[in-house]
Amino acid sequence: MIKVILWDLDQTLLDFKRSEFCALEKAFEHFCLGKLSRELHLSYSKINEECWRMLERSELMKPQVMEQRFKRFFAKENIKCSVSPSEFSDYYESRLPDTVAFVDNAVEVLKCLKGRVKQYVVTNGASAVQHKRLEKSGIDLLLDGVFISDEIGYEKPSARFFEPVLNEALKFAERDEILIIGDSLTSDIKGGNNAKIKTCLFNHNSLDVPDGYSVDYEITSLKEIFDILNL
């Protein structure tokens, strides 16, 4: 019986790609870089994801991720910007909370589970940005708590990230009654494996699961969580 759910935030509850596009579009306009195309967004998004994967592997520190993603993006696309990648990143980050969009059924599922299980968000995002997005979305009112890597000092999938999370969760459940749900193999599933808790892959991107990952459940719609919980 699952008594505690640890939710990933981006691309699990909130549609980060939409927020990302809108924030990047505003940054392009603010720094007079012209119109942001879907192709340029896709190029940036891929580089951004690569930099965050490097963070998960401890190959980059968080401040380096923030700068390197735009430094590499500008170089790849031959974009001449009047400000540094770091300054561009700061403006982009400030615009991320402006647009909040939900993954299908996210609010409905959270509302239905409120009071029936403990629900926490576990995210690697920047602290100020994630708190603003949670507040603006209203998701914060449906949760029992939020754990953000900036405030913990470690990133998913590190077991150190999950130490304070489990200190809280184990007040209400045994370890095998705790479930992490997320869309990332390298962050959420590997993190759950490192924390020795049950895992659920929200596989709306049709990922193949390679060796080295233990996935207890796999869903393509958030509504499928009710079947797992026998609700």
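**Note on the sheet, its helices and the cysteines**

1. The strands S3-S2-S1-S4-S5-S6, in that order, form an open sheet of six strands with parallel pairing; two strands pair if DSSP finds at least two bridges between them, and strands (E, at least two residues) and helices (H or I, at least four) are DSSP runs numbered from the N terminus. Strand S3 (145–148) and strand S6 (217–219) stand at the edges with a single partner strand each, so one side of each lacks a neighbour in the sheet. From one strand to the next the twist averages 20°.

2. The model is predicted, with local features requiring pLDDT of at least 70 and side-chain atom pairs pLDDT 80 or more, while totals for chains, interfaces and linings use all residues. Residues are numbered from 1 along each chain as its sequence is written, and side-chain values use heavy atoms, without hydrogens and water.

3. Strand S4 (residues 178–182) and strand S5 (residues 198–202) run parallel and are joined by four bridges. Within this pair, Ile-180 stands opposite Thr-199 in S5.

4. Helix H5 (residues 106–113) packs on the sheet, where it touches strand S1 (4–7) and strand S2 (118–123); contact means heavy atoms within 4.5 Å. The direction of H5 makes about 155° with that of S1, where axes are lines fitted to C-alpha atoms, for helices over the stretch in contact, and angles run from 0 to 180 degrees between N-to-C directions. Helix H6 (residues 127–137) lies across S2 and S3 and runs at about 155° to S3.

5. Zero disulfides are found in the whole structure, a disulfide being a pair of cysteine sulfur atoms within 2.5 Å. For Cys-32, the nearest cysteine sulfur is that of Cys-81, 9.4 Å away.
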